[in-house]
Structures are given as C-alpha cells and as structure tokens.
Amino acid sequence: MMKSLKTILLVIAFCSCTQWLKAQVNDHIFPAAAEARKYIDFDSRGFLINGKRTFLVSAGMEYARIPHQLWYDRLLRLKRDGFNCVEIYTFWNFHEPQEGRFDFIGDHDLDAFLKTVKQLGMYCIVRVGPYYCAEWDSGGYPLWLRFKDNMIVRSPNAEFEKYMDRFFDKLIPIVSNNQINKGGSVILVQLENEHPAAWGTNIPNDYFKHLQDKALSLGIKVPYFFSGLHHGSDPAGTKKLSLDEPNRPNPWFSTEFWSVWYNVYGSTQKDADTYGRRTWKIIAHGGNGYNYYMAHGGTNFGYTNNNENAASYDYGAAVGQTGDLRPIYYQFKRNALFARGFEAILENSVATDAYKQLLSDTAIVVTARHSDAGDIVFFDHKSTGDAALPLSVGGLSATLTLGAGEILPVVHNFKLTDDITLNWALTRILGISRQGNTTTMVIYGQTGSPAELQLSARGRPVNVSGSNPVMVNGNEVVVRAAFDANRPLTYAFKAGAETIRIITVNPALADRTWFVADQNRNYVVTGPEYVGAVHTGAHGKVTLDTEHFWAQKELYPTWLFAEGYSKMTGVAKAIAGGYPQSKFTGSWQAKSASVATAVNFDDSHWKKSEKALEMGADGDLTANAWYRATIAVKTAGTYKLEASKGGGRFIVFIDGKKMVSGAINELQFGLTPGRHLMTIYAAHDGRDKLYNFIGNLQDMDTKGLAGEVILHRGPTALVDNWKMVAAADYKENDQLVIPAFDQAAPYQVGRREPGEKRGYLWYQAQVPLTDGRIPRFFTFRGIAEKAVVFIDGKEVARQTQRNKPLIVPYDPVSQNGAVTLSVFVESKAGGGNNRNNVAAGLSRPVEIIYRDDQPVTGWRLQGGPGDMSLAKGWQAMDTAAQFDRPYFFKNTFTVHKGAAQKQPMWRITFDGLSHGFIFINGHNIGGYPERVPIKSLYIPESWLKDGENTVVIYDEYGNRPDKVQIAPEAVASRDQQVVDFK
C-alpha cells in the first residue's frame with residue numbers, strides 16, 4: 001500500500017535533514033552585549049528576561065503571510081494560547097522585490113509588526129536571513145539576484161555580500177531599534193538559516209564572520225546565533241532525553257519544532273496528542289523553551305509560494321489560515337500555561353532521581369526536575385491504553401488515570417506566594433494567575449476522578465465563605481477537589497492577606513479557560529471558545545469580546561474570576577438568523593489575456609535577446625510570461641521544441657493558432673514551409689526554496705525558456721543503446737583507457753542497474769548515422785558526478801559539476817557508419833545507500849542535436865498576466881463560449897460586514913478551473929489549484945468591502961468559471977459575542 005503524501009514528505013524531510021542535523025552539535029548562543037544583559041540574558045539552565053527566569057513559549061508565524069490589518073488579531077490568538085513570544089522571517093524578496101527598491105510599509109511594515117508584538121506584551125525572535133527556506137519563493141532570494149554574474153550565495157563571495165549588506169543596511173536597523181534593551185520586543189536574532197556548514201556559534205569561514213560583523217555593526221545587542229537550534233518534529237528526540245548536559249553554556253531551545261506539516265490543512269485530535277506529548281518531553285527533560293513551526297501558517301499571497309505549495313500555508317497549525325482554532329491549539333495551551341506557570345523551576349533546574357521510589361513494578365517512567373524554586377515529577381505512560389497511577393505522598397493518596405502516551409507533571413514544594421507553598425498537587429494543573437493578593441490555580445480532570453492538593457502557610461489558613469470547603473489542620477491545608485460536568489467549582493482559603501483559590505474544570509472547560517488581563521488586572525475566564533478583547537469599565541464592570549464557532553454545538557455560560565473571592569457569571573446572547581451566504585450578483589465577463597498571440601501585436605517594447613531569457617529577466621515578478629520569435633521552416637512535418645534550460649508549463653501558438661501545451665520536452669506540433677510567428681506562453685507553480693543550496697542561482701530551477709532553443713525536425717533523438725562496465729580505481733593523473741564493451745550488458749539510462757556501484761564507471765553507446773542526418777552536438781542533461789566524454793576514442797569534454805548539463809560538439813570525421821560515445825564517470829551516488837534507485841552515472845537521457853535541427857533566435861520576452869484593470873476588452877461571456885488560452889474572468893458578489901455579529905470566513909472555490917490566480921478587489925489572494933486538501937482559497941476579511949466586491953480570475957487555459965462559488969468555511973466561521981459582567 002502506498003504511503004500517504006504526508007508520510008512521504010516527512011520521510012524525505014528527515015532524510016534530507018541528516019547533513020545539517022550533524023551541524024547542530026553546536027547549539028550555542030552568542031551572549032548579549034553588556035548593555036543588553038540587564039534585559040535579556042541566559043545561563044546554562046535558562047533564560048532571564050528583565051532579570052526574571054522566563055520559559056520561552058514561541059509561536060512561529062510570518063507577517064508576510066498575513067494582511068497587516070489582521071496582525072493584531074492573529075497575535076492575540078497566539079497570546080491567548082499561552083505564547084509569550086513569536087518567531088519570524090524577514091524575507092529578502094518581500095522587502096526588496098525590485099533591485100534597490102525597498103518596501104517597509106503596509107503589509108511589509110516590519111517596524112509596525114514588531115511594535116504590535118510589544119503592544120501585546122510579547123517577545124520576538126527575528127530570523128534575518130539572508131536565506132530563509134520556509135517553502136517560500138526561492139527561499140527568500142530576490143528574483144533579480146538570479147541575474148548577477150560571478151555570485152555564489154551563502155559563501156565568502158564579495159558579489160553576494162555586497163547585495164546582502166545593502167539589504168541588511170535597511171533591515172537590521174529596524175530590528176535593532178526594536179530590541180528589548182531599547183524598549184522593544186526583540187530578544188533573540190538568528191543569522192542565516194539551516195546552513196549546511198554552521199549552526200549555533202560555529203564560524204567555519206569568512207562568510208559567517210562577515211555576517212556576524214555586519215549584524216553587530218548595525219546595532220544587534222541581544223543574543224544571536226547561526227542557522228537555528230534543534231530543528232525537528234520531535235526535538236527532544238527518542239533516545240537521548242537529557243537536554244541539560246553539564247557542559248552546556250546556554251539554555252536548550254528549539255527554533256523549529258515542526259508541528260504537523262506544510263502539505264496539510266487543519267489538524268486533528270491525534271495531532272494534538274502527538275505534538276502535545278512531544279512538547280511535554282521538552283518540558284520534562286530540561287528544555288528551556290521551544291518555537292512551533294508553524295503556530296500560525298497563513299497564506300502565500302500573490303506569487304510568493306514555492307513549488308511545493310500554492311496559496312495555503314495552513315500547516316495544520318494551532319491557529320488556522322483563517323484564524324480558526326484547532327484541537328492542537330487547546331493542547332498547546334495546556335503545555336504553555338503549565339510551563340510558564342512553573343518557569344521558576346524549569347528555567348533553573350537539574351534532573352534528579354529522587355522520586356523513582358514513588359512507583360514500583362510499573363511500566364510508567366518517572367523523571368523529575370529539581371530547583372531551589374521546587375520540584376516537578378513527570379510520569380510518562382508510553383504505552384497504548386489507559387494506565388493507573390497510584391500515588392501516596394505527604395499524607396495524600398490518589399489513583400490517577402493516564403491516557404495512552406500521556407506525560408503527567410506533578411508539582412512538589414513550589415511557592416505560590418512568599419507565605420504559601422504548594423507541597424503536593426496530585427492532579428493536572430492548567431495554569432496559575434496572580435491577581436493582586438489572590439493567587440488562582442486552575443486544575444482539570446474528568447468528572448469522578450480524584451484531585452488532592454496539600455499546601456502550607458506561615459499564618460493560620462481559614463476557609464473562604466461561599467467556596468467549597470478545604471481541610472485546615474494547623475498551618476496545613478488539604479484540598480480534595482471534585483470536577484463537575486457542567487461548571488467550574490472553586491475551593492479557596494485565606495492566610496493573612498493572601499487568598500488562594502483553586503478552580504476545577506473538566507477537560508472541555510479546560511479548553512475554554514483563559515488567562516486574560518486589562519488595565520493591570522488579571523482575570524480567569526471559563527466558558528467561551530475564545531476570548532478576544534477585555535474591557536474593564538467604571539465600578540468594576542467587565543466586558544468580554546468572545547467568539548462562538550459555527551461548528552461547535554455547545555454554548556456554555558461564561559464565568560469570570562477576578563481578584564479576591566469573586567465569581568461573576570454572564571451569558572452570551574445568541575446571534576439570531578441563519579448563516580450568511582453570497583452569490584455572484586452579475587453575469588461573468590471575459591477578457592483575453594492572450595493578445596500577444598496576434599501576428600500584428602506590437603512587441604517592440606519587450607525585452608530583446610538572441611537566445612531565450614528565463615522568466616524574470618525583464619524584471620517581472622509574476623509566474624507568467626510570453627515569448628515571441630520568428631521561425632523559418634523549409635520542410636513540412638512534425639517538429640519538437642526543446643530548450644537547453646527551462647521549466648514550467650507551456651502553450652505554443654503558431655501564427656496565433658494554439659498548437660500544443662505541456663512541459664518543455666512535450667511540445668510537438670506540425671509546421672508548414674515558410675516563415676511563422678511562434679508565440680509561447682510560460683507559467684510555473686513557484687520556484688524551488690533552494691534548501692541546502694550553495695552556489696550560483698543561475699544554475700537552479702530556471703523557469704520559462706532559457707539558453708539555446710532548438711526546433712527539432714521530428715521528435716527529440718536520444719542515445720538509447722548504452723552499455724556499462726565498472727572501472728578500476730583511478731587517480732587524478734592516470735591515463736584513461738577505454739575498455740572493451742563486447743561482453744557488457746545493456747544499460748538503462750536513469751535507473752541504477754546491477755553492478756552500477758559507487759566508484760568509477762564506463763558507459764558506451766553507438767549512434768548510427770542514417771538518413772543523411774549528421775549530429776551537431778550531444779547534450780548530456782544529467783551526469784551524476786564528474787565525467788570525461790570521448791567521441792570515437794578522442795577526449796572531447798570534461799564535466800566537473802554534479803548534474804550540470806554538458807553540451808558536447810561533434811566534428812564529423814565521416815558521414816557514414818556510426819559515432820561511438822564513451823563516458824568515464826566518477827560515481828558517488830550508487831551502492832547500498834542509494835535508496836531511490838537513482839542511476840550512479842547517467843541520470844537522464846543523452847540527446848542528439850542534428851545539423852538540420854534549427855536554433856531559434858531573436859527572442860522577445862514580456863512577463864505578467866496583462867492588465868486586468870483596463871476596461872477595454874471586457875465582454876459578457878457567452879453561455880457556450882469556449883477558450884483555449886489564458887483568459888480573465890470577472891464578476892461581482894456582495895457580503896455584508898458592519899453590525900452583523902456573524903463573522904463568516906469566506907472562501908472561493910476553483911472548481912472547473914485549470915491553473916491560475918484569483919484577485920479580490922485587486923488583491924491577489926494566491927494561486928490555484930491548492931496543494932493541500934482544500935478546494936478553495938481564503939479571502940481575508942480585511943480585503944472585503946461591506947457591499948459589492950469584485951473578483952477577477954486569471955486562468956491559464958481559459959477554463960470557464962461556471963462552477964466557481966463563494967461560501968463561508970463552516971468549521972472556521974464564528975459569531976462575535978459580547979459578554980457583560982456587572
């Protein structure tokens with residue numbers, strides 16, 4: 001049975017990551033400059049922010065994937081989930097899309113984003129690049145950088161460093177001015193990203209020294225590091241679980257804890273359980289923080305996606321593409337609130353075996369963390385099914401039930417206040433809120449399950465009237481708590497001026513419990529599915545903005561707990577009326593996006609070149625381009641088009657007539673004698689993210705046509721009768737002697753054959769000279785390693801770069817008989833570690849270019865889909881009209897925002913369409929079809945108008961939009977509700 005795509009991608013990612021995982025041996029962090037250490041510092045056991053031990057619970061998100069009008073909303077959702085930090089990329093091509101033209105306003109306003117993070121009381125980790133990965137177009141490199149000669153990226157290369165420095169001169173001062181020592185949110189900076197050579201504080205060459213010097217010269221004072229720290233889907237690992245080695249100079253932190261994956265839309269309870277457990281492992285074994293990649297994925301608007309995704313970058317994240325909340329969101333909240341509630345222990349602790357005796361004869365694994373601030377004992381049930389956990393400590397006795405894979409933390413000897421200590425808590429703790437003289441702790445468990453807590457106070461504790469009673473014996477308090485199926489229960493006592501309140505909730509209400517604040521007042525709220533803004537008015541009146549998701553059937557009352565023993569109950573008013581819908585208000589209009597196919601079209605202003613130039617050479621940043629050239633045909637027949645470099649989808653037009661569409665090696669069509677105008681449309685689905693790439697960008701992932709374009713008479717001719725023999729060991733200066741191939745077996749190009757092992761190999765083939773056709777040259781598209789090519793026994797070419805195309809000219813000695821091609825290859829890809837059965841030597845067929853094949857020259861290039869905003873050309877779409885080339889389609893639809901409290905998350909389907917992009921009120925909401933399991937594109941609510949809105953669809957093959965619909969996504973849409981407390 002074939003593995004799922006998700007599983008395959010995860011396996012590929014794991015295998016491809018092995019090189020740089022080795023580089024993560026150095027996970028060190030450069031310390032802050034002296035002037036910043038008062039604000040951000042660390043030691044071997046944890047982080048200190050403003051002098052306080054702080055557990056970093058960080059949320060990966062990208063401001064580039066969110067309209068700036070929604071930044072505050074998405075950040076607040078993360079804050080409500082327990083995150084105290086966000087981690088971001090600063091994509092180079094997002095801020096310098098055109099050479100020397102920088103964009104830091106609107107959706108690109110990094111300064112405004114960092115100040116919004118600060119406004120919400122959160123911290124920020126900034127990853128400044130210059131490389132980013134992130135399933136983003138070209139990994140973040142600007143397109144114009146591809147056209148710079150003599151430039152090697154991510155290396156000690158003056159040309160690359162020149163352009164990088166110019167970008168950093170604009171970028172890093174924004175970051176520097178928002179550092180925590182200047183009153184901002186930035187606490188850590190990452191230079192580079194997932195570089196094969198250097199992580200942590202390793203400086204293997206001058207490139208990293210240059211990066212370091214540049215960042216420091218531009219004012220970076222907070223701690224920083226190279227590439228990242230502990231990337232993986234299970235950063236704490238499966239074998240070595242001690243994250244606090246004695247020689248560690250800095251805290252353990254994961255900058256990319258991959259939660260779910262980029263080919264997923266939405267997450268499940270199984271995901272929540274899986275990644276919740278992996279988070280508990282970090283907390284339990286000495287980790288000092290983590291950053292989920294991603295906690296909110298967002299959207300690849302415009303042309304920002306790479307070739308692995310389209311518009312959605314949902315990632316299955318805790319906060320979805322539309323701002324919806326998934327099961328994993330609520331699990332992450334449990335992890336986060338606990339870690340932050342007990343950060344005084346976790347950020348200054350060591351492992352201890354002191355609690356192994358608490359269990360005997362059990363499969364449950366016991367580990368513990370010890371600190372001057374207290375201890376946490378972790379009980380790990382790794383097996384399936386439920387397991388009983390009998391505990392008897394400090395006069396308490398309770399048998400808890402652990403679920404499959406659950407890790408349960410039990411807190412011991414922790415000071416809730418200066419005068420009150422939590423001796424033992426045999427229960428699950430959600431979090432702690434300090435509300436003036438009141439300390440509120442929320443615990444959770446199934447109805448009927450036990451919960452026992454023991455506390456001690458300096459003064460004499462007394463019960464609080466109105467709460468469930470606690471047992472007081474001298475200065476000791478025992479709480480035997482229960483969990484109600486429908487409402488929170490409270491247990492409270494006072495000792496001197498301090499009040500301790502324990503709130504018990506069932507797991508469903510634990511998900512709906514929120515720790516919020518307003519005007520320096522902390523509140524615990526239970527009941528709503530989400531709490532947004534909090535407003536504290538005169539005379540203690542509190543108003544909450546809450547949300548009710550349409551897919552949720554149960555609507556709880558809302559309970560609010562403020563300072564002192566006070567509990568207020570409010571009920572959100574139900575929103576009347578059904579769910580809103582939207583229909584197109586007019587008939588579809590159509591407009592050709594293919595005017596360039598006309599013979600009389602004026603292309604004089606297009607970019608001109610003898611050989612074809614790749615897409616983007618004219619400065620266009622879109623995923624579409626047109627090429628035009630004139631060809632002269634002598635003989636009628638079938639011809640095939642081929643480019644020496646290029647990629648994407650193509651449509652060929654001859655004299656305005658569509659001939660064929662497909663990939664570059666599939667473009668075969670008939671021609672008559674004479675001169676013809678050839679127009680070629682090119683499109684692509686995003687450029688490679690260039691993971692692990694160091695080199696010249698001109699060698700990677702060319703889109704459109706590039707280099708020499710050949711018009712073959714007949715199909716492409718291939719050398720297809722190869723044989724192979726293994727060679728003896730070879731030294732650099734050895735003379736190569738072509739062996740005999742009489743007994744050699746046939747060899748299939750592109751597939752590893754028996755005997756094709758690592759080492760040195762010879763390949764040979766005979767190319768018959770028939771029909772009077774003489775080769776001009778042979779094109780090797782894929783030589784796996786270094787190679788030497790011989791023609792008729794004479795050395796004619798050498799290849800020194802892996803898989804780089806090699807064009808070998810042929811100087812005919814005779815026009816009769818056959819040509820003998822011999823190739824010597826140094827192979828490193830074969831052998832037992834060749835899991836993908838890839839050929840060790842010749843990975844792609846060798847092509848023959850004949851002398852009667854015609855080079856196409858005199859090219860003109862124009863990128864972009866055309867101007868859809870011009871009124872000219874739009875016509876009502878006939879009900880029977882069919883289109884066979886790029887077209888625009890336009891319509892209007894109405895949505896009502898305003899006073900209505902319903903908040904539909906609108907999506908537009910692409911049913912019946914081919915490939916293309918959708919524009920809403922002029923905003924490019926991304927490309928289709930999606931690469932994730934959802935058949936529509938998200939329309940950001942901030943880009944919609946109250947009333948009539950315009951949609952324009954750009955479809956590459958002119959597929960009609962008859963089946964396209966606009967509808968709310970039910971699982972993500974919600975009602976906004978206001979809850980008043982008096």
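## Backbone geometry, a buried helix and a pocket

Met-294 is located in the loop that connects β10 (289–293) with α9 (327–341). The model is predicted. In it, the peptide bond between Tyr-293 and Met-294 is cis, with omega of about 5°. A cis peptide bond also joins Tyr-928 and Pro-929, where omega is about 0°. Pro-929 belongs to the loop between β57 (923–928) and β58 (936–938). As background, most peptide bonds are trans, and most residues other than glycine have a negative phi.

| Residue | Phi | Location |
|---|---|---|
| Glu-135 | about 50° | loop between β6 (123–129) and α6 (158–177) |
| Val-260 | about 65° | loop between β9 (254–258) and α8 (269–284) |
| Gly-82 | about 100° | just after α3 |

What is the relative accessible area of Glu-135? The value is 5%; because buried means under 20%, Glu-135 is classed as buried. Val-260 has a relative accessible area of 0% and is therefore buried by that cut-off.

Helix α3 comprises residues 71–80. How many of its 10 residues are buried? The number is 7, so the helix is largely enclosed by the rest of the structure. The buried residues of α3 are Trp-71, Arg-74, Leu-75, Leu-76, Arg-77, Leu-78 and Arg-80. Just after this helix comes Gly-82, with its positive phi of about 100°.

The second largest pocket has a volume of about 1,300 Å³. Its lining consists of 49 residues, and those nearest the centre of the pocket are Gln-269, Asp-273, Gln-331, Arg-334 and Asp-511. By class, 21 lining residues are nonpolar, 14 are polar and 14 are charged.

Which element supplies the largest share of this lining? It is α8, with 8 residues. Elements that each supply at least two lining residues are α8, α9, β15 (396–402), β16 (407–415), β18 (428–435) and α11 (507–511).

Conventions: Residues are numbered from 1 along each chain as its sequence is written. This is a predicted model: local features need pLDDT of at least 70, side-chain atom pairs count only at pLDDT 80 or more; totals for chains, interfaces and linings use all residues. Side-chain values use heavy atoms; hydrogens and water are left out. Helices (H or I, at least four residues) and strands (E, at least two) are DSSP runs, numbered from the N terminus. Buried means under 20% relative accessible area, exposed over 50%, partly exposed in between (1.4 Å probe, protein chains only). On a 1 Å grid over the protein atoms alone, a cavity is a set of points where a 1.4 Å probe fits but cannot get out, and a pocket is an open set with protein on both sides within 12 Å along at least five of seven lines; lining residues have an atom within 4 Å of a point. Grid points are joined across faces, edges and corners, and a volume is the space filled by probe spheres set on the points. Ala, Val, Leu, Ile, Met, Phe, Trp, Tyr, Cys and Pro count as nonpolar, Asp, Glu, Lys and Arg as charged, and the others, Gly among them, as polar.
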